[in-house]
Amino acid sequence: MTLHHLKITASDHVMVVERLLQVTRYRGYRLCGLSMVPAEQKNILDIQLSVESDKSVENLAKQLLKIIDIEQIKVEDQGLQTYQVS
């Protein structure tokens with residue numbers, strides 16, 4: 001299995017983390033780590049999500065972007081390449 005790190009910028013709403021975890025679980029990714037802190041901007045969260053799977057992480061990122069409160073996702077693969085999913 002491959003470990004993937006996602007850096008997510010989201011609105012600070014009550015259900016955003018629950019929705020994020022639900023989509024991750026439904027898509028078959030194993031949660032390895034989660035951290036969340038308020039961003040410098042008001043009502044914004046910086047979320048770091050680590051998941052493990054044999055599946056492509058781009059599929060998960062595209063599904064997470066469908067959550068209305070998620071604004072941006074950057075994926076860091078094991079080769080330490082960072083790219084933004086839109």
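1. Two strands count as paired if DSSP finds at least two bridges between them. Helices (H or I, at least four residues) and strands (E, at least two) are DSSP runs, numbered from the N terminus. By that rule, strand S1 (residues 2-11) and strand S4 (residues 70-76) run antiparallel, joined by six bridges. One spot to look at is His-5, whose bridge partner in S4 is Glu-76.

2. A quick word on the source: this is a predicted model, where local features need pLDDT of at least 70, side-chain atom pairs count only at pLDDT 80 or more, and totals for chains, interfaces and linings use all residues. Residues are numbered from 1 along each chain as its sequence is written, and side-chain values use heavy atoms, with hydrogens and water left out.

3. S1 also pairs with S3, in the antiparallel sense, over ten bridges. Here Thr-9 stands opposite Asp-46 in S3.

4. S3 (residues 44-53) has another antiparallel partner in S2 (residues 30-38), with eight bridges joining the two. Arg-30 faces Glu-52 of S3 across this pairing. Five residues lie between the strands of this hairpin, and the loop holds Asn-43. Have a look at its backbone: phi of Asn-43 is near 65°, a positive value in a residue other than glycine. Most residues other than glycine have a negative phi.

5. Now the helices. The axes of H1 (residues 16-26) and H2 (residues 57-65) come within 10 Å and cross at roughly 145°; axes are lines fitted to C-alpha atoms, for helices over the stretch in contact, and angles run from 0 to 180 degrees between N-to-C directions. Leu-20, Val-23 and Thr-24 of H1 meet Leu-60, Gln-63 and Leu-64 of H2, with contact meaning heavy atoms within 4.5 Å.

6. Last, the rings. The charged end of Lys-55 sits over the ring of Tyr-29, 6.0 Å from its centre. The test is NZ of Lys or CZ of Arg within 6 Å of the ring centre and within 35 degrees of the ring normal.
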